[in-house]
Amino acid sequence: MRSVWLAVPLLLVAGCGYNRIQQLDEQANGAQGQIEVQLRRRADLIPNLVNTVKGYAQHEEAVFTQVAQARSGVINAVQSHDPEAMANANAQMTGALGRLIAVAEAYPQLKADQQFTRLMDELSGTENRIAVSRGDYNQAAQEYNSYIRQFPQALTAKVTGAKPRKYFDAGPGSREAPTVDFSRPGAPAASTPAPAPGAAPTKQP
């Protein structure tokens, strides 16, 4: 008889969205993992890019220091597995890279350097994958957050300790700086506003 009474709460929890909550949570975890992979890849490209620029602009130590600090911030944020912290660190990294690339504008030989060009292409591809992964994660997080607020799933979430997930969205003051578009020499690319949580990113052609 005791086993029957113990089974009742389990059946109630299962019938109130427990399995779906777990499914949505795992879906969001997988999407967040993709963001972390791309952020690590981006951070791994930075040292080679800095060394290449140093070969032409050794006196720009302040900019190199800012990039190094921003890269360290990204690595620490990824290790924290906090989407909001990762978003802010990524925005800071983008701002530092914008200043580094602006330095390159003054060195035509650097812009023609094959190593520099290759690294810029890899960074561009990685940034695009981060944007796509960000959209996938925010959509998954939004679906999860909306689900656990509904009744009766909200009761199950409270009993099981399911908490709302943070979005991968940089806070005020951490917006991304414009980057430099070398397809139009001398013309910085216009910055684009960050999409709202869950919005699909604009993919590069």
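Leaving aside neighbours within four places in sequence, which residues is methionine 93 in contact with? The legends below refer to a predicted model, and the first view gives the reply.

**View 1. Surroundings of methionine 93.** Beyond its neighbours within four places in sequence, methionine 93 is in contact with Arg42, Ile46, Val67, Ala70, Arg71 and Val74. Met93 also belongs to the largest nonpolar core, where Leu39, Leu49, Val53, Val67, Met93 and Leu100 are the residues that touch the most other members.

**View 2. The nonpolar cores.** The largest nonpolar core has 40 residues. At least two residues of this core come from each of helix H2 (18-54), H3, H4 and H6. The biggest contribution is from H4, which gives 11 residues. There is also a second, separate core of seven residues, with Ile21, Tyr147, Ala157 and Ala162 among them.

**View 3. Packing of helices H3 and H4.** Helix H3 (residues 61-80) packs against helix H4 (residues 83-104) at an angle of about 160°, and their axes are 8 Å apart. An angle over 145 degrees counts as roughly antiparallel, and H3 and H4 are therefore roughly antiparallel to each other. H3 passes H4 in a left-handed crossing. On the H3 side the contact residues include Val63, Phe64, Val67, Ala70, Val74 and Ala77; on the H4 side they include Ala85, Met86, Ala89, Met93, Ala96 and Leu100. Sorted by class, this contact comprises 14 nonpolar, five polar and two charged residues.

**View 4. Histidine 81 in the loop between H3 and H4.** The loop that holds histidine 81 lies between H3 and H4. Phi of this residue is near 60°, a positive value in a residue other than glycine. Most residues other than glycine have a negative phi. Histidine 81 counts as partly exposed because its relative accessibility is 45%.

View 5. Phenylalanine 151 and proline 152 are joined by a cis peptide bond, with omega about 10°. Most peptide bonds are trans. Proline 152 is located in the loop between helix H6 (114-149) and helix H7 (153-160).

**View 6. Lysine 54 and its contacts.** Lysine 54 is part of helix H2, and its relative accessibility of 30% is why this residue counts as partly exposed. Apart from neighbours within four places in sequence, lysine 54 is in contact with Glu61 and Phe64. The C-alpha to C-alpha separation of lysine 54 and phenylalanine 64 is 8.3 Å, and the two are 10 residues apart in sequence. Phe64 is also one of the H3 residues that make the contact with H4.

Definitions and conventions
Residues are numbered from 1 along each chain as its sequence is written. This is a predicted model: local features need pLDDT of at least 70, side-chain atom pairs count only at pLDDT 80 or more; totals for chains, interfaces and linings use all residues. Side-chain values use heavy atoms; hydrogens and water are left out. Axes are lines fitted to C-alpha atoms, for helices over the stretch in contact, and angles run from 0 to 180 degrees between N-to-C directions. Helices (H or I, at least four residues) and strands (E, at least two) are DSSP runs, numbered from the N terminus. Angles under 35 degrees count as roughly parallel, over 145 as roughly antiparallel, 65 to 115 as roughly perpendicular and the rest as oblique. A crossing is left-handed if the near helix is turned anticlockwise from the far one by less than a right angle, and right-handed if clockwise. Contact means heavy atoms within 4.5 Å. Ala, Val, Leu, Ile, Met, Phe, Trp, Tyr, Cys and Pro count as nonpolar, Asp, Glu, Lys and Arg as charged, and the others, Gly among them, as polar. Buried means under 20% relative accessible area, exposed over 50%, partly exposed in between (1.4 Å probe, protein chains only). A nonpolar core is a set of buried Ala, Val, Leu, Ile, Met, Phe, Trp, Tyr and Cys residues joined through side-chain atoms within 4.5 Å.
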